[in-house]
Amino acid sequence: MIKEAPHLIPSIYLANYLSEFEDMIRKYDVQEMNMEKGEYLTRYGEINNTAYFIKSGIIHLSLGHDQGKKSLNFFGPGTVFPIGVEIHEFRVEYEMILQAMTDIHVFKIPYPTLKRIARENGDFAGELLRENCDFIGYMFFDTINQTFEPCLTRICDILYLYLTKIHPSKDQIPLSQTELANIAGASQAQMERSIKILKKEAVLDTSRKRITVLDPEKLLAHCTLGMRSNADNDSVSV
């Protein structure tokens with residue numbers, strides 16, 4: 001019996017699982033498309049039977065319900081989402097909302113086509129499974145995170161992700177506090193408390209529809225272990 005606990009570092013941002021399969025995916029029944037920041041990949045009230053391979057940009061995943069919307073996580077280049085293999089015929093009690101956080105270039109893949117690609121390419125199927133397992137791991141983590149981690153942590157994860165993956169000019173992030181609250185799934189009161197803490201520590205400053213990061217290292221210190229691990233891996237690979 002294994003006595004050591006498993007080591008898993010969930011992250012709000014998933015990327016680079018399937019980048020090496022881009023040329024292979026192009027050979028199948030897929031449609032390449034560009035979308036602008038803010039556009040939706042899913043439509044409210046419609047059943048989704050399409051996966052998207054992200055060539056460039058970042059997609060934001062949230063769940064919509066009659067009671068509101070919950071932000072979940074982000075998918076970057078080299079990922080496929082949603083992962084599905086069979087046609088869905090019924091709606092569920094929630095809506096999966098996929099929105100372009102940045103300008104994106106994606107391959108639109110019908111679920112039956114994704115199933116065929118996985119069947120005919122074992123290495124691709126293995127990496128697709130790894131991505132899906134990491135996503136499920138993050139969902140478990142997010143459930144615990146809501147109970148034990150402050151809203152501040154999620155906000156810092158999103159700001160650091162934006163800072164390092166989208167590379168805004170002069171570390172100025174073009175988001176209002178209301179927009180950031182919506183992305184983070186935070187209340188206005190939670191947002192105001194978090195921003196107050198970060199301003200007091202000289203981590204950032206705010207102006208109209210803009211957040212300026214003054215100290216990226218201090219910002220990273222407030223992030224989850226998963227985001228800090230991503231930052232370490234990026235620095236090693238440079």
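Guide: With the terms: two strands pair if DSSP finds at least two bridges between them. Helices (H or I, at least four residues) and strands (E, at least two) are DSSP runs, numbered from the N terminus. This is a predicted model, in which local features need pLDDT of at least 70 and side-chain atom pairs count only at pLDDT 80 or more, while totals for chains, interfaces and linings use all residues. Residues are numbered from 1 along each chain as its sequence is written, and side-chain values use heavy atoms, with hydrogens and water left out.

Visitor: In what sense do strand 3 and strand 6 pair, and over how many bridges?

Guide: Strands of a sheet pair through backbone hydrogen bonds, either parallel or antiparallel. Here strand 3 (residues 50–56) pairs with strand 6 in the antiparallel sense, over 2 bridges. Phenylalanine 53 is opposite valine 80 of strand 6. Both strands belong to an open sheet of 4 strands, ordered 2-8-3-6 with antiparallel pairing. Its edges are strand 2 (31–35) and strand 6 (80–81), each pairing on one side only.

Visitor: Which strands does helix 2 lie across?

Guide: Helix 2 (residues 111–120) lies across strand 3, strand 6 and strand 8 (104–110); contact means heavy atoms within 4.5 Å. Its angle to strand 8 is about 85°, taken from 0 to 180 degrees between N-to-C directions of axes fitted to C-alpha atoms, for helices over the stretch in contact.

Visitor: Which residues of helix 2 are buried?

Guide: Tyr111, Thr113, Leu114 and Ile117 are buried (under 20% relative accessible area, with a 1.4 Å probe and protein chains only). They lie on the same side of helix 2 because they cover an arc of only 160° around the axis, judged by the directions from the helix axis to the C-beta atoms.

Technical notes: Buried < 20%, exposed > 50% of the residue type's maximum accessible area, 1.4 Å probe, protein only.
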